[in-house]
Amino acid sequence: MAMMPALERDLNNMSEYYESGKTKDASWRESQLKGLRSFIMEKQDHIMNALMQDLGKHQLEAFRDEIGTLIKTLNLALKSLKDWMSGKKAKLPQIALLTSAEIVPEPLGLVLIISSWNFPFGLSLEPLIGAVAAGNVAVLKPSELSPACSSLLASGIATYLDNNAIKVVQGGPEETQQLLQQRWDKIFFTGSARVGRIVMSAAVKHLTPVTLELGGKCPAVVDSLSSSWDIGTTVKRIIVGKFGTCAGQACISIDYVLVEKGYCSKLVELMKVWIKKMYGDNPQRSKTIARIVNKHHFSRLKSLLDDKMVKQSVVYGGSMDEENLFIEPTILVNPPLEAAIMSEEIFGPLLPIITVEKIEESIKFINCRPKPLAIYAFTKNQTLQRRMISETSSGSVTFNDAILQYAADSLPFGGVGESGFGMYHGKFSFDTFSHQKAVVRRSFLTDFWYRYPPWTLNKLQL
Ligand code: NAD
């Protein structure tokens with residue numbers, strides 16, 4: 001798709017296509033969802049190769065986080081489409097005699113989806129599934145930082161989907177800015193809070209509703225667990241929730257760990273053992289851990305360790321190979337809280353562990369910072385669990401595991417405060433791209449004289 005003025009012409013054509021009503025048909029929506037499923041299933045190897053090329057992502061991670069998750073979502077959407085599309089009866093007060101009401105979802109129209117590079121297929125196609133299921137026409141703008149994946153998305157969508165209604169625009173900030181100047185009926189954005197602000201300012205012009213899927217620092221609170229099984233499982237889940245999810249380059253990766261002072265060394269020792277078991281003595285040689293996306297992000301991560309005090313807090317790892325964009329799984333204990341590593345989202349395989357006197361203090365620690373996209377808490381203590389839910393605010397809270405919430409279609413996925421707003425996944429994606437229209441049907445059979453003027457006091461007394 002070419003840019004302005006060709007862009008404007010293409011968008012006009014898409015709007016006309018939408019106005020024709022074609023995309024509202026259940027059969028059209030179904031055919032597009034099936035097309036997407038064929039793309040993913042038939043091009044599985046290409047998808048894996050592109051993810052390896054752009055991010056060094058292992059095939060297993062590619063399947064777990066993108067291919068498998070997308071097929072599951074598509075199957076759910078296809079199975080549920082008719083139900084999602086149908087109007088839902090709404091209750092009315094008894095006084096509304098012989099009146100019925102329902103809530104009817106209707107598509108929004110022309111929507112823009114801007115996505116990020118770390119899960120290039122998932123973060124582009126999960127929202128697209130919602131947009132298409134809801135009957136919209138859509139433009140997808142994937143990230144320029146994962147070029148092999150973006151170009152595969154562009155060719156796949158051109159081949160498998162109806163191009164009158166669904167198009168891909170490739171490019172970076174400049175192309176995105178051009179897109180943002182257009183009139184949209186909805187903008188769905190995944191990325192940083194910095195660009196989220198640019199998106200929101202652009203949306204103001206046409207009062208366009210936006211969903212912002214942003215990031216932040218997701219903490220993992222580790223309580224002192226008494227059984228060796230529980231702590232062993234915790235350690236394995238933390239390692240996968242950090243290093244085993246695109247090398248920590250995920251919005252819901254564990255950013256840092258909070259643990260009681262007296263329990264820290266046990267946790268660190270076990271983490272060292274399990275990192276070795278999972279990634280071997282030379283993790284760089286193992287194909288299991290993803291690479292940093294590019295030199296810019298590599299330098300950004302390197303500079304997080306530049307501070308002398310931060311460097312001194314490294315207790316494991318720390319080696320880096322710029323040419324191969326590799327950073328070893330690295331653990332730090334108590335880096336200064338005012339250092340960038342503790343004030344900015346890390347988005348890489350560096351894991352600070354911060355000690356507190358009592359684990360309950362972690363609630364205050366979390367509340368002193370922007371609301372995270374996810375909080376993880378490894379604890380069997382029911383009181384602590386209840387307090388985590390009621391006394392902190394975040395997009396999600398997961399106990400005794402990490403990342404799991406992303407895969408659950410029945411849960412809304414989204415942030416709060418600085419981690420964004422709006423939600424998607426499963427039926428929530430359909431709702432995000434729909435307007436819920438209130439429909440009321442009144443009968444002519446009953447009527448009441450007192451509801452019509454002239455207003456008199458005896459009418460008020462009735
Ligand atoms: P980013 O904000 O730099 O880029 C996101 C998109 O915006 C890309 O498509 C990019 O081309 C475009 N863009 C970049 N600069 C722009 C500009 N100046 N004007 C207009 N458009 C611009 O973010 P990123 O590097 O792709 O992703 C990292 C961030 O995204 C992290 O903060 C991470 O936590 C967050 N993220 C959130 C989720 C989520 O689901 N909540 C998922 C992945 C990433």
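**Exercise 1. The annotated domain**

Task: Find how far apart the ends of residues 20-439 lie, and what share of the span is helix and strand.

Solution: Finally, the record: an unreviewed UniProt entry annotates residues 20-439 as "domain: Aldehyde dehydrogenase". UniProt positions are given in the numbering used here, feature names are shortened, and annotations may be inferred rather than shown by experiment.

Two notes before we go on. This is a predicted model, in which local features need pLDDT of at least 70 and side-chain atom pairs count only at pLDDT 80 or more, while totals for chains, interfaces and linings use all residues. Residues are numbered from 1 along each chain as its sequence is written.

**Exercise 2. The active-site annotation**

Solution: Start with the record, where the unreviewed entry's annotation covers Glu213 and Cys251. They span 39 residues in sequence, yet no two of their C-alpha atoms are more than 9.0 Å apart, so they gather at one spot.

Now place Glu213, which belongs to strand S7 (residues 210-213). Glu213 has 27 C-beta neighbours inside 10 Å and therefore counts as buried. The cut-offs are these: a residue is buried if 20 or more other C-beta atoms lie within 10 Å of its own, exposed if 12 or fewer, and partly exposed in between, with C-beta atoms placed from the backbone. Leaving aside residues up to four places away in sequence, Glu213 touches Phe189, Thr190, Gly414, Gly415 and Gly420. Contact requires C-beta atoms, placed from the backbone, within 7 Å.

Then turn to Cys251, found in the loop between H9 and S9. Its 29 C-beta neighbours inside 10 Å make Cys251 buried. Not counting residues up to four places away in sequence, Cys251 touches Gly215 and Leu373.

**Exercise 3. The shell around the ligand**

Task: Work out how many residues surround the ligand and which element gives the largest share.

Solution: First, the count: 27 residues surround the ligand, and the closest are Thr176, Gly191, Val195, Gly215 and Cys251. A residue belongs here if its C-beta atom, placed from the backbone, lies within 6 Å of the molecule. Second, the elements that give two or more residues to this shell are helix H7 (173-180) and helix H8 (193-204). H7 provides the largest share, three residues.

**Exercise 4. Helix H9 and its surroundings**

Task: Check the length of helix H9 (residues 228-242), then find what its buried residues pack against.

Solution: The expected span of a helix is 1.5 Å times one less than its number of residues. For the 15 residues of H9 this gives 21 Å, and the end C-alpha atoms are 21 Å apart, which agrees. Next, list the buried residues of H9: Thr234, Val235, Arg237, Ile238, Ile239, Gly241 and Lys242. Their packing partners include strand S8 (219-222), helix H10 (261-279) and strand S15 (374-378).

**Exercise 5. Strand S15**

Task: Is S15 enclosed or open to the outside, and which strands pair with S15?

Solution: Five of the five residues of S15 are buried, so S15 is largely enclosed by the rest of the structure. Ala374, Tyr376 and Phe378 cover one side, Ile375 and Ala377 the other. For pairing, DSSP must find at least two bridges between two strands. S8 and S15 run parallel over three bridges, with Val222 opposite Phe378. S15 also pairs in the parallel sense with strand S16 (residues 396-399), over four bridges, and Ile375 stands opposite Val397 there.

**Exercise 6. The six-stranded sheet**

Task: What is the strand order of the open sheet of six strands, and which strands form the edges?

Solution: The order is S5-S4-S3-S6-S7-S17, with mixed pairing. Strand S5 (166-168) and strand S17 (420-421) are the edges, each pairing on one side only. Inside, strand S4 (residues 137-141) runs parallel to S5 over three bridges, where Val139 partners Lys167. Strand S3 (residues 110-114) and S4 are parallel too, over five bridges, and Leu112 has Val139 as its bridge partner.

Definitions and conventions
Contact = placed C-beta atoms within 7 Å.
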